[in-house]
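Trainee: Please take me closely through the aromatic rings. I would also like to see what surrounds them.

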Amino acid sequence: MGDEVDVRLGARLAELRAERGWSLGELAERSGVSRSTLSRTERAEISPTASQLNRLCAVYGRTMSQLLSEIEPEPALLVRAADQAIWEDTSSGFVRRSVSPPHAGLRGELVEGRLASGAAVDYDRPPVPGLEQHIWVLDGTLEVTAQDVVQRLGAGDCLRLRVWGPTRFRCPGPEAVRYALVVVLP
């Protein structure tokens, strides 16, 4: 399934760049992602990391869920567990499940995140400034860094915040962490 997702994602990223009339060099300059990585991603030779995808989403003014929903068939009201889109960043140990994909006219979405023990995902900026997030830890321990403040969350804890700058999600271990993330557009 990953290969199919990478092909659809690469095609959509190429469409977004073409809609703006940008060269790979211009997109590289705007996003901070190398030209060669962008080219290989658009051709589905590689899958972008979560950080790279976040940078592209910021340039295109979309959340990661919005972008991923654009490569899926028309969203349904009921999304069965077996039909929920899963995206994996193998380099960071991050797995993302779109539990309730975004839908036109709705501002919120629900995502399940999983990080392996010792894994971390760094975002240098939010895809949409002022994005509201509610992070509810289901199993394990999660450290969330926002505005230079580290919050350590255990099972059952919930952190809510608006994201304006860099963030970091890290699983200090010893077990993997699983969390629910509610994302609400400003």
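**Aromatic rings and their surroundings**

Mentor: The structure holds three aromatic pairs. Rings of Phe, Tyr and Trp (its six-membered ring) pair if their centres lie within 6.5 Å; planes under 30 degrees apart count as stacked, over 60 as edge-to-face, and the rest as tilted. Take Trp 22 and Tyr 60: their ring centres are 5.9 Å apart and their planes meet at 15 degrees, so this pair is stacked. Trp 22 sits in the loop between helix H1 (2-20) and helix H2 (24-31), while Tyr 60 belongs to helix H4 (residues 50-60), so the pair ties together parts 38 residues apart in sequence. Helices (H or I, at least four residues) and strands (E, at least two) are DSSP runs, numbered from the N terminus.

A word on the source: this is a predicted model, where local features need pLDDT of at least 70 and side-chain atom pairs count only at pLDDT 80 or more, while totals for chains, interfaces and linings use all residues. Residues are numbered from 1 along each chain as its sequence is written, and side-chain values use heavy atoms, with hydrogens and water left out.

Back to the pair. Both Trp 22 and Tyr 60 are buried. Buried means under 20% relative accessible area, exposed over 50%, and partly exposed in between (1.4 Å probe, protein chains only).

Tyr 123, Phe 169 and Tyr 179 form one aromatic cluster. Tyr 179 also matters for the largest nonpolar core. Of its 44 residues, Trp 87, Leu 115, Ile 135, Leu 142 and Tyr 179 touch the most other members. Helix H4 gives the largest share of this core, five residues. Such a core is a set of buried Ala, Val, Leu, Ile, Met, Phe, Trp, Tyr and Cys residues joined through side-chain atoms within 4.5 Å. In soluble globular proteins, nonpolar side chains tend to be buried together.

Follow Ile 135 next. Setting aside neighbours within four places in sequence, its contacts include Leu 142, Phe 169 and Tyr 179. Contact means heavy atoms within 4.5 Å.

Strand E5 (residues 131-139) pairs with strand E8 (residues 158-163) in the antiparallel sense, over six bridges. There, Leu 131 has Val 163 as its bridge partner. E5 also pairs with strand E10 (residues 177-184), again antiparallel, over seven bridges. Two strands pair if DSSP finds at least two bridges between them.

Pro 174 lies in the loop between strand E9 (167-170) and E10. The peptide bond from Gly 173 to Pro 174 is cis, with omega near 5 degrees. Most residues other than glycine have a negative phi, and most peptide bonds are trans.

Finally, step back. The protein has five helices and ten strands. Buried residues make up 45% of its 186 residues. Of the contacts with a separation of 6 or more, 66% join residues 24 or more positions apart. The C-alpha atoms fill a box of roughly 45 × 35 × 30 Å along the principal axes.
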